[in-house]
Amino acid sequence: MSYDFTTRLDRRRSGSYKWNDMLDKNPNVARGIVPLSVADMEFVNPPEIIEALHEWLDDAVLGYAAPTDEFFDAVVDWQRRRHLWPADRRFVVTTSGVVPALYTAVRSLTDINDAVICQTPVYGPFTNAVEVSGRKLLANSLRLVEDAEKSGSHRFEMDFDDLRAKAEDPSTKMLLLCNPHNPVGRAWSADELRRLLDICVENDVIVVSDEIHGDIVMPGQKHTSIMQVADAGEYDHVMVLTAPSKTFNIAGCQASVAFVPDDELRKRFSTGLKIQGVFGLNSFAYPATIAAYTRCDEWLEELNQVVWENYVFLKGFFASYMPEVEVFPLEATYLAWLDFRAWGLTAGELEQFMQTEALLFLDEGYVFGEEGAGFERINLACPRGVLEEALERLAFAARERKLGTYGGNA
Ligand SMILES: Cc1ncc(COP(=O)(O)O)c(C=O)c1O
């Protein structure tokens, strides 16, 4: 590795949301314990981004900022060369985060009491955007099926029959697609996306594809943008929300973009932002995005390798010490999804055990929807030593509590 993926960070008192959340849950947690929850990384940023921001700041005047040609070229070129679809700068609307954009999409492109489909379990703000906006949430739950290629293993798939039935409901106007999927780690195939889009277009349902994790793809896997499968005649039913923030750990810069190819949809979405009182981005968002999308390809290749090696380690560790816990295949994202239901704890007991006995701060499965109860999501974007210690604490605490195969109770 030519980049640094091993330095252990201590982000206490740095204003990190993730670390503050851990300390709120367990204020006495010892130094050295690292939260493995919220999707940001425990790695130093690519040095190219920090250098670019230093250079930029030397000459900056911090007045109102606007996107430059260089910014548009960077975001469009990234999509064209890495995600292989003909992105165009005309399609771009800047947004101060993908979550704000999800909320705006729901509010500007559907009406009160319209129904919106989410594929649960899913990243919490999806269902929240629907519910707090007074729209009806239709849960098209993912199916947990036997993996045809590996006996005894399971994988998540879309339930197309249920999707069709929900899309045919005349009040359904939108589907929020998580592509790749957080938390189940699927990189949806072109085939799956084609089937989904067919159902949605036939039923006049707009697909809002959140592709924020689309750059974090495991070896041998592929992220397919919904724009790769949509033809131009379907542009009035698709939009993509994306950002460099997960990929390069710059969520604090609040830079993201919506690609909305259809003029009418784009106008409604942009008006929706104004109605919510949301205008330009902060000044740092632009130079950080430009540096990320033009100077950091090599860092990203190494990151994906490091995440994959952490996943292989995680899988091996559970197979050896807690084989009753199922670790789902990781195709994309740096977030692994684990099934602890064999331990027979309630979701509340599992959470309590993790935070106070194993000193493990993960994302509890139930926050992704009721299907997630008994599951946990672990963030693999951390130095290997951090992951090893976390899993050792878990295996030790499980034995102490007589949980699982080696605790004598599974
Ligand atoms: C699927 C998904 N969308 C959006 C976000 C957050 O986006 P932003 O920070 O740009 O609002 C996350 C963060 O975890 C995510 O997992």
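A residue is termed buried if its relative accessible area is under 20%, exposed if over 50%, and partly exposed in between (1.4 Å probe, protein chains only). The model is predicted, so that local features need pLDDT of at least 70 and side-chain atom pairs count only at pLDDT 80 or more, whereas totals for chains, interfaces and linings use all residues. Residues are numbered from 1 along each chain as its sequence is written, and side-chain values use heavy atoms, without hydrogens and water.

**Exercise 1.** Determine whether Met174 is buried or exposed, and describe its surroundings.

*Solution.* Step 1: Met174 belongs to strand β6, residues 172-178; strands (E, at least two residues) and helices (H or I, at least four) are DSSP runs numbered from the N terminus. Step 2: Because its relative accessible area is 0%, Met174 is buried. Step 3: Contact means heavy atoms within 4.5 Å. Beyond neighbours within four places in sequence, the contacts of Met174 include Ala105, Leu109, Ile117 and Val208. Step 4: Phe5 lies 169 residues away along the chain, with 39 Å between its C-alpha atom and that of Met174.

**Exercise 2.** Locate His83 and identify the side chain with which it makes a polar contact.

*Solution.* Step 1: Helix α3, residues 69-83, contains His83. Step 2: His83 counts as buried because its relative accessibility is 7%. Step 3: A polar contact is a pair of N or O atoms within 3.5 Å; within protein, one must be able to donate a hydrogen and the other to accept it, and residues adjacent in sequence count only if both atoms are side-chain atoms. The side chains of His83 and Asp215 make such a contact at 2.7 Å. Step 4: Apart from neighbours within four places in sequence, the residues in contact with His83 also include Trp78 and His223.
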